[in-house]
Amino acid sequence: QFSDFEKLTAVECSSAAYQLYAYAEYIETEKAKQKNILDWAESSIWFIISGTLDQYGDKFTKWQVKYYPAIKENPLASEILKIKNYAESKVKILEGKCERVMRMADVLSNLSRKKY
(Lines give C-alpha, C1' and ligand atoms only; values in the text may rest on other atoms or scores of the structure.)
Protein backbone atom coordinates (compact mmCIF):
# COMPACT_ATOMS: atom_id res chain seq x y z
CA GLN A 1 0.00 0.00 0.00
CA PHE A 2 1.06 3.55 -0.61
CA SER A 3 0.77 4.44 3.09
CA ASP A 4 3.62 1.99 3.74
CA PHE A 5 5.84 4.00 1.39
CA GLU A 6 5.01 7.22 3.21
CA LYS A 7 6.37 5.72 6.44
CA LEU A 8 9.79 5.04 4.88
CA THR A 9 12.61 7.46 5.58
CA ALA A 10 14.71 8.95 2.79
CA VAL A 11 17.57 6.60 3.65
CA GLU A 12 15.29 3.55 3.56
CA CYS A 13 13.93 4.64 0.18
CA SER A 14 17.45 5.10 -1.17
CA SER A 15 18.52 1.73 0.19
CA ALA A 16 15.51 -0.06 -1.31
CA ALA A 17 16.06 1.72 -4.64
CA TYR A 18 19.70 0.62 -4.66
CA GLN A 19 18.66 -2.99 -4.02
CA LEU A 20 16.18 -2.82 -6.89
CA TYR A 21 18.83 -1.34 -9.22
CA ALA A 22 21.16 -4.19 -8.25
CA TYR A 23 18.38 -6.72 -8.90
CA ALA A 24 17.72 -5.14 -12.30
CA GLU A 25 21.42 -5.56 -13.12
CA TYR A 26 21.22 -9.22 -12.10
CA ILE A 27 18.18 -9.74 -14.33
CA GLU A 28 19.96 -8.13 -17.28
CA THR A 29 23.03 -10.33 -16.72
CA GLU A 30 20.88 -13.45 -16.51
CA LYS A 31 19.07 -12.50 -19.72
CA ALA A 32 22.40 -11.98 -21.50
CA LYS A 33 23.59 -15.40 -20.30
CA GLN A 34 20.46 -17.07 -21.63
CA LYS A 35 20.78 -15.23 -24.96
CA ASN A 36 24.36 -16.50 -25.26
CA ILE A 37 23.18 -20.05 -24.59
CA LEU A 38 20.39 -19.57 -27.13
CA ASP A 39 22.85 -18.35 -29.79
CA TRP A 40 25.24 -21.22 -29.05
CA ALA A 41 22.45 -23.80 -29.26
CA GLU A 42 21.12 -22.39 -32.53
CA SER A 43 24.51 -22.32 -34.22
CA SER A 44 25.38 -25.79 -32.88
CA ILE A 45 22.16 -27.27 -34.21
CA TRP A 46 22.77 -25.77 -37.65
CA PHE A 47 26.36 -27.05 -37.62
CA ILE A 48 25.20 -30.56 -36.73
CA ILE A 49 22.31 -30.85 -39.19
CA SER A 50 23.65 -28.84 -42.12
CA GLY A 51 25.14 -31.89 -43.80
CA THR A 52 21.94 -33.91 -43.66
CA LEU A 53 19.36 -31.21 -44.33
CA ASP A 54 19.07 -32.04 -48.02
CA GLN A 55 17.84 -35.55 -47.18
CA TYR A 56 14.55 -34.10 -45.95
CA GLY A 57 13.23 -32.60 -49.16
CA ASP A 58 14.35 -31.17 -52.46
CA LYS A 59 15.85 -27.76 -53.19
CA PHE A 60 12.37 -26.20 -53.25
CA THR A 61 11.47 -27.42 -49.76
CA LYS A 62 11.64 -24.64 -47.18
CA TRP A 63 14.26 -24.99 -44.48
CA GLN A 64 11.56 -24.85 -41.79
CA VAL A 65 10.11 -28.11 -43.15
CA LYS A 66 13.52 -29.80 -43.14
CA TYR A 67 14.74 -28.44 -39.79
CA TYR A 68 12.81 -30.54 -37.25
CA PRO A 69 13.02 -33.90 -39.05
CA ALA A 70 16.79 -33.44 -39.32
CA ILE A 71 17.01 -32.66 -35.59
CA LYS A 72 14.76 -35.59 -34.71
CA GLU A 73 17.15 -38.01 -36.44
CA ASN A 74 20.21 -36.72 -34.55
CA PRO A 75 20.32 -37.44 -30.78
CA LEU A 76 22.84 -34.66 -30.06
CA ALA A 77 20.83 -32.08 -32.00
CA SER A 78 17.69 -33.23 -30.14
CA GLU A 79 19.36 -32.61 -26.78
CA ILE A 80 20.67 -29.22 -27.86
CA LEU A 81 17.16 -28.32 -29.05
CA LYS A 82 15.92 -28.92 -25.49
CA ILE A 83 18.61 -26.56 -24.20
CA LYS A 84 17.65 -24.02 -26.87
CA ASN A 85 13.96 -24.20 -25.97
CA TYR A 86 14.73 -23.76 -22.26
CA ALA A 87 16.97 -20.75 -22.90
CA GLU A 88 14.37 -19.25 -25.23
CA SER A 89 11.69 -19.55 -22.56
CA LYS A 90 13.97 -17.92 -19.98
CA VAL A 91 14.69 -15.00 -22.33
CA LYS A 92 10.96 -14.51 -22.91
CA ILE A 93 10.30 -14.54 -19.17
CA LEU A 94 13.08 -12.01 -18.49
CA GLU A 95 12.12 -9.76 -21.43
CA GLY A 96 10.97 -6.40 -20.07
CA LYS A 97 11.40 -7.41 -16.43
CA CYS A 98 14.54 -5.30 -15.99
CA GLU A 99 12.72 -2.18 -17.18
CA ARG A 100 9.85 -2.78 -14.75
CA VAL A 101 12.24 -3.22 -11.82
CA MET A 102 14.11 -0.07 -12.88
CA ARG A 103 10.83 1.88 -12.87
CA MET A 104 10.13 0.67 -9.33
CA ALA A 105 13.63 1.72 -8.27
CA ASP A 106 13.11 5.13 -9.90
CA VAL A 107 9.89 5.62 -7.93
CA LEU A 108 11.70 4.89 -4.68
CA SER A 109 14.62 7.08 -5.68
CA ASN A 110 12.29 9.99 -6.47
CA LEU A 111 10.44 9.43 -3.19
CA SER A 112 13.78 9.57 -1.38
CA ARG A 113 14.65 12.90 -3.01
CA LYS A 114 11.23 14.26 -2.09
CA LYS A 115 11.77 13.37 1.58
CA TYR A 116 15.12 15.18 1.87
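Predicted model: local features only at pLDDT ≥ 70, side-chain atom pairs only at ≥ 80, totals over all residues.
Residues are numbered from 1 along each chain as its sequence is written, and side-chain values use heavy atoms, with hydrogens and water left out.

Trainee: At what angle do helix α2 and helix α3 pack?

Mentor: Helices are DSSP runs of H or I with at least four residues, numbered from the N terminus. Axes are lines fitted to C-alpha atoms over the stretch in contact, with angles from 0 to 180 degrees between N-to-C directions. The axes of α2 (residues 10-49) and α3 (residues 63-73) lie 10 Å apart, at an angle of about 85°.

Trainee: Why is the pair W46 and Y67 called tilted?

Mentor: Rings of Phe, Tyr and Trp (its six-membered ring) pair if their centres lie within 6.5 Å; planes under 30 degrees apart count as stacked, over 60 as edge-to-face and the rest as tilted. The ring centres of W46 and Y67 are 5.1 Å apart, and because their planes stand at 45°, the pair is tilted.

Trainee: Is Y67 buried or exposed?

Mentor: Buried means under 20% relative accessible area, exposed over 50%, and partly exposed in between (1.4 Å probe, protein chains only). W46 has 26% and is partly exposed. Y67 has a relative accessibility of 3%, so Y67 counts as buried.

Trainee: Which residues do ring pairs link into a cluster?

Mentor: The rings of Y67 and Y68 have centres 4.9 Å apart and planes at 90°, so this pair is edge-to-face. The cluster linked by ring pairs consists of W46, W63, Y67 and Y68.

Key. Helix = DSSP H or I, 4+ residues; strand = E, 2+ residues; numbered from the N terminus.
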